[in-house]
Amino acid sequence: VQLDPEGETLVVGASGEDGSTDTAGADNGSSESGAVYVFRRKAGNDVLDEWNEVAYLKAPETRVNGDFGYAVALSNRAETIVIGEPGNGGSLSGGGRAHVFRQQGNVWISEAVYLTPPQPQANVFFGDKLALSADGMTLAIADPFESSGGLGLGSVPSFDGQTFNSGTVYLYRRGLGGAWSAPTTIKAPNNSSEIYFGWSLARSASRKSLAICASDHSLSTGIGGDMTD
């Protein structure tokens, strides 16, 4: 779930939803394709039963086990919604997707181009976690199950076979024309197998800070421990 700062717009992911059309409740013909629901209430209204469902969002192309809505992100003014669809059935052609919806009037319109991993692999979950800046101009997309080598910010992933489920985070920036840039790739500075870098994300409203969680295998304690242990 994501709630805007004013408490007026609520976005709820339902990755197990089975509908195959963009009409809620019409059918259950696409198992776990996923959906996202948008609710809204008027500013200053604290009565919970005043919430209204204002949108039911589906992927432009529904996929069985796509898990659309597994992760959601919302800009501060609720003008941009990003939705992760990490399910892919293990195929190289679809290592997860992220969809961007922009508000136009009272509806949300899907952008024509969705985001996909720069290096497609089988059994990855691009879009598993998302973090969007307050202005909707920068976006971090995590795939904690990605399996490449490389270290730190701006690394070039290396498929060395030694870093299974090491995880990667991709940082996108939106240009003045609205298009998303090619991503900056971020790996853990102590990259190794099964640390699931990108298991959760958090970013500051100012776009200046991004926190990335990973599993850890060291015996160190406290701040400044030996991450290579």
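Which residues form one aromatic cluster? They are Phe-125, Phe-145, Tyr-196 and Trp-199. Keep in mind that this is a predicted model.

In total, the structure holds seven aromatic pairs. Take Tyr-37 and Tyr-56: the ring centres are 5.4 Å apart and the planes meet at 55°, so this pair is tilted. Tyr-37 sits in strand S3, residues 35-40, and Tyr-56 in strand S4, residues 52-57, so the pair ties together parts that are 19 residues apart in sequence. Tyr-56 has a relative accessible area of 12%, so Tyr-56 is buried.

Now the fold. There are 14 strands and zero helices. For 229 residues, a compact globule would have a radius of gyration near 17 Å, and the protein has 18 Å, which agrees. Along the principal axes, the C-alpha atoms fill a box of roughly 55 × 40 × 35 Å.

Of the 229 residues, 44% are buried. If we take contacts between residues at least 6 apart in sequence, 53% join residues at least 24 apart. The accessible surface comes to about 11400 Å², and carbon and sulfur atoms account for 51% of that.

Last, charges. The protein carries 15 positive and 26 negative side chains, and the centres of the two sets are 9 Å apart.

Technical notes. Residues are numbered from 1 along each chain as its sequence is written. This is a predicted model: local features need pLDDT of at least 70, side-chain atom pairs count only at pLDDT 80 or more; totals for chains, interfaces and linings use all residues. Side-chain values use heavy atoms; hydrogens and water are left out. Helices (H or I, at least four residues) and strands (E, at least two) are DSSP runs, numbered from the N terminus. The radius of gyration is taken over C-alpha atoms; the globule rule is 2.2 Å times the number of residues to the power 0.38. Buried means under 20% relative accessible area, exposed over 50%, partly exposed in between (1.4 Å probe, protein chains only). Contact means heavy atoms within 4.5 Å. Accessible areas come from the Shrake-Rupley method with a 1.4 Å probe; for residues, only the protein chains shown count as cover. Lys and Arg count as positive and Asp and Glu as negative; His and the chain ends are not counted. The place of a charge is taken as NZ of Lys, CZ of Arg, CG of Asp or CD of Glu. Rings of Phe, Tyr and Trp (its six-membered ring) pair if their centres lie within 6.5 Å; planes under 30 degrees apart count as stacked, over 60 as edge-to-face and the rest as tilted.
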